[in-house]
Amino acid sequence: MASDARLRVAEGLEAIGRTLPAGYTVEWGGEYENSSEANEGLSGKIPSILAVMVMIVILLFNSIRKMLAIFLTVPLILVGVVAGLLGFDQPFGFMALLGFLSLVGMQIKNAIVLIDEINAQLAAGTEPFEAVVMSGVTRLRPVMNTALTTILGMIPLVVDPFYSAMAVTIMCGLAFATLITMVVVPVNYALLYRVRR
C-alpha cells in the first residue's frame with residue numbers, strides 16, 4: 001500500500017531533506033499530498049455537518065432527550081471500526097474516514113427507526129417499559145437484514161487496494177453498530193426518560 005511504502009522511506013528522505021543546501025526543500029506529493037488535502041477539506045466541514053444532523057433529529061422528534069438517546073451511541077461505533085481496521089491491517093486514511101461518515105449516517109437512521117417505533121408503541125397505549133422492549137423486538141429483523149445486505153455488498157471491495165479501508169470500516173462498524181442500536185439506544189431511552197419495569 002502507498003501509506004506503508006511512504007512510512008518505509010519517510011525517515012530516510014526527511015534526513016536527506018535536512019542536509020540539503022539553502023533554498024532546497026523536500027515535500028511529499030502524489031497520493032499522500034492529495035489525501036492530506038482531502039482530509040483537511042473534509043475535517044473542516046464535519047462539525048457543521050454534525051450540527052445539521054443534530055438539528056434535523058431534534059426537529060424530527062421535537063425532543064432533545066430523544067436526540068441524545070440517538071447520538072450517544074455514535075462514539076461507540078468507533079469500537080467496531082477500530083477492531084475491524086486493526087484486524088484487517090488497514091490504515092485510518094481518507095477512504096476509511098469516508099466509510100466512517102457513511103456509517104454514522106446508517107447508525108443514526110437505524111436509531112431513528114427504533115425511537116420512532118417506541119413512539120408508535122406509546123401512541124398505541126403500550127406501557128413505557130413494554131414499548132421500549134417491544135420496539136427492539138419488532139425492529140430487530142428489519143435492522144439486521146438491512147445491515148446484513150450492506151455488509152454482504154461490501155465484501156467484494158475488501159480485496160480492492162483503494163476501497164478496502166472503506167469497506168472494512170463500513171462492514172465491521174455496521175456489524176457492531178447494529179448490536180449497539182438494539183441494546184444501547186433502548187437503554188439510553190430508558191435512562192433519559194426514567195422508564196422502569
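**View A. A nonpolar patch on the surface.** Welcome to this predicted model, where Ile 16, Leu 20, Tyr 24 and Val 26 form a nonpolar surface patch with about 380 Å² of accessible area together. A patch of this kind joins nonpolar side chains (Val, Leu, Ile, Met, Phe, Trp, Tyr) within 5 Å, using residues with over 30% relative accessible area and no salt bridge. Accessible areas come from the Shrake-Rupley method with a 1.4 Å probe, and for residues only the protein chains shown count as cover. Val 26 sits in the loop between helix 1 (2–18) and helix 2 (30–61). Its relative accessibility is 44%, so Val 26 counts as partly exposed (buried is under 20%, exposed over 50%, partly exposed in between).

**View B. Helix 5 from end to end.** Helix 5 (residues 94–123) has 30 residues and spans 44 Å from first C-alpha to last, close to the expected 44 Å (1.5 Å times one less than its number of residues). Helices here are DSSP runs of H or I with at least four residues, numbered from the N terminus. Just after helix 5, Gly 125 takes a positive phi of about 95 degrees.

**View C. The salt bridge.** The whole structure holds 1 salt bridge (a side-chain nitrogen of Lys or Arg within 4 Å of a carboxyl oxygen of Asp or Glu). Glu 117 pairs with Arg 139, their closest N and O atoms 3.8 Å apart. Because Glu 117 lies in helix 5 and Arg 139 in helix 6 (residues 128–154), the pair ties together parts 22 residues apart in sequence. Glu 117, at 17% relative accessibility, counts as buried, while Arg 139, at 24%, counts as partly exposed.

**Notes.** Residues are numbered from 1 along each chain as its sequence is written, and side-chain values use heavy atoms, leaving out hydrogens and water. Local features need pLDDT of at least 70 and side-chain atom pairs count only at pLDDT 80 or more, while totals for chains, interfaces and linings use all residues.

Notes:
Helix = DSSP H or I, 4+ residues; strand = E, 2+ residues; numbered from the N terminus. Buried < 20%, exposed > 50% of the residue type's maximum accessible area, 1.4 Å probe, protein only. Patch = residues over 30% accessible without salt bridge, like charges linked within 9 Å, V, L, I, M, F, W, Y side chains within 5 Å.
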